[in-house]
Amino acid sequence: MNTIIKRTNVRYSILLFLFLATVFNYADRATLSVVAPIMSKELGFDPEALGLAFSVFGISYVVMQIPGGWLLDKYGSRLVYGAALIGWSIVTMFQGTIYLYASPLIVLVVLRLMMGAIEAPAFPANSRLSVQWFPNKERGFVTAVYQAAQYISLGIITPLMTIILHTLSWHYVFYYIGAIGVVLGIFWLIKVRDPLSHKEINQQEIEYIRDGGGEPELGSKKGPAKISFAQIKSVCVNRMMIGVYIGQFCVTSITWFFLTWFPTYLYQAKGMSILKVGFVASIPAIAGFIGGLLGGVVSDWLLTRGYSLTTARKFPVICGMLLSCVIVLANYTDSEVVVIAAMSVAFFAKGFGNLGWCVLSDTSPKEVLGIAGGVFNMCGNLASIVTPLVIGVILANTHSFDYAILYVGSMGLIGLFSYLFIVGSLERITLTPTTA
């Protein structure tokens, strides 16, 4: 009698590592925003200097996206991501020492540039691993889980950082969060493998991934196939992808307001204590976490119910973009409850519609997933440069957050327009063979 061998579920352990790595990816980014109100007073940073410190991370992060994607396609996600996690965590720890230098702002800018460059492969690696390890019907949920990590970071790690800030000093926020990242990076290098080289996976799970549209063989190839510049260009200028890039820029703009200026907004504009800021700021983050998971679940549910890939992926995005505009209500009330409610609804909506990485995994050519992810993340994270600087300039000239909130709210409308009128139908792009 033939015995039925039960399929392993090793892919969920990989998802756990993706989730944890992304939590500390965002935690390390957010350290500066948490300590900014106190650190800027101690070191004499004005709003424009602080905006510069926030935004330079995005400059190197954006510039290194395509090189980071190339590294992923050549050396694989395990090695590149693990080394990057350790590297950016060490740089985070060094940010706690800037007060020792004669020009702390210059040192901070250099360290933020370094951190942005080292973090560049993270999200393209998430996307690449999701294609290696998961079938299509699970990818919406997988994307939602690692995207939701940013909300967990804001909702749990941010209050932890404010307690450290309140109890010790701002230096220790950098020390402790960076040290945890180093330990996690070591565990990543020990535990994470590609599907075909993982000792605990069985053939049934590999076939389940492959039959469902995943690419378990992706990591076993020695370096990327030879891809011409013309083929890469054909992906970048594709109308569908341009629309997705615009949408991701808008989503990321909302994210970067919460990652950078939101604690300062609550502290300065709403007069909250720094300890209260830490806990109040976690409420929109929790809402974003719920929205992020729900968006992925709804998208996969629509797909399994027979709806097209276009409908299943675009419906949550469009709904989320539209609802995120409620953030502007914060300009028209002095009630802390209403302000936090508006921020929470906006962040819930942003999470619900944050399926850009899933769309990228579903539509990019499989031969260049790393590079395609790099281009996508580069376009989206232009917002990490623009948003902190724009808000810093607005504050310096108006001494008010009103126009800043209006700017953030307008991103929802622009993203909505892009997905409605530019993106069109979603389908996998096929590279045209190059002629000799």
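**Notebook: pockets, cavities and core**

I began with the largest pocket, and by class its lining has four nonpolar, three polar and four charged residues. A reminder to myself before going on: this is a predicted model.

**Entry 1: the largest pocket**

I looked up the volume of this pocket and got about 260 Å³. Helix 1 and helix 8 (170-191) are the elements that give two or more residues to its lining. Helix 1 gives the most, with three residues. I then went through the lining by name. Val10, Ser13, Ile14 and Phe17 are in it, and so are Ile190, Lys191 and Arg193. Ser197, His198, Lys199 and Glu200 complete the list.

**Entry 2: the overall build**

Next I stepped back to the whole chain. I found 19 helices and zero strands in the protein. The C-alpha atoms fill a box of roughly 70 × 55 × 45 Å along the principal axes. For contacts between residues at least 6 apart in sequence, I have 84% joining residues at least 24 apart.

**Entry 3: the nonpolar core**

How many residues does the largest nonpolar core have? I read off 120 residues. Those with the most contacts inside this core are Met39, Tyr81, Phe257, Phe258, Tyr265, Leu266 and Met343.

**Entry 4: the largest cavity**

The largest cavity has a volume of about 120 Å³. It is lined by 16 residues, and Tyr26, Gln147, Gln248, Thr252 and Asn381 lie nearest its centre. Helix 1 (11-43), helix 7 (136-167) and helix 11 (239-269) are the elements that give two or more residues to this lining. Helix 11 gives the most, with five residues. I sorted the lining of the largest cavity by class as well: six nonpolar, eight polar and two charged.

**Entry 5: the second largest cavity**

I put the volume of the second largest cavity at about 70 Å³. Its lining holds Ser33, Val34, Leu154, Thr158, Phe258 and Phe262, along with Pro263, Ala281, Pro284 and Ala285. Phe258 is also one of the residues with the most contacts inside the largest nonpolar core. Which helices each supply at least two residues of this lining? They are helix 1, helix 7, helix 11 and helix 13 (282-304). Helix 11 has the largest share, three residues.

Last, I checked His399. Although it is not a glycine, His399 has a positive phi of about 55°. I located His399 in the loop between helix 18 (382-398) and helix 19 (402-421). Is His399 buried or exposed? His399 counts as exposed, because its relative accessibility is 70% and the cut-off for exposed is over 50%.

Conventions. Residues numbered from 1 in each chain as written. Predicted model: local features only at pLDDT ≥ 70, side-chain atom pairs only at ≥ 80, totals over all residues. Heavy atoms only, no water. Core = buried A, V, L, I, M, F, W, Y, C linked by side-chain atoms within 4.5 Å. Buried < 20%, exposed > 50% of the residue type's maximum accessible area, 1.4 Å probe, protein only. 1 Å grid on protein atoms, 1.4 Å probe; cavity = no way out; pocket = protein on both sides within 12 Å on 5 of 7 lines; lining within 4 Å. Points joined across faces, edges and corners; volume = space filled by probe spheres on them. Helix = DSSP H or I, 4+ residues; strand = E, 2+ residues; numbered from the N terminus. Nonpolar A, V, L, I, M, F, W, Y, C, P; charged D, E, K, R; others polar. Contact = heavy atoms within 4.5 Å.
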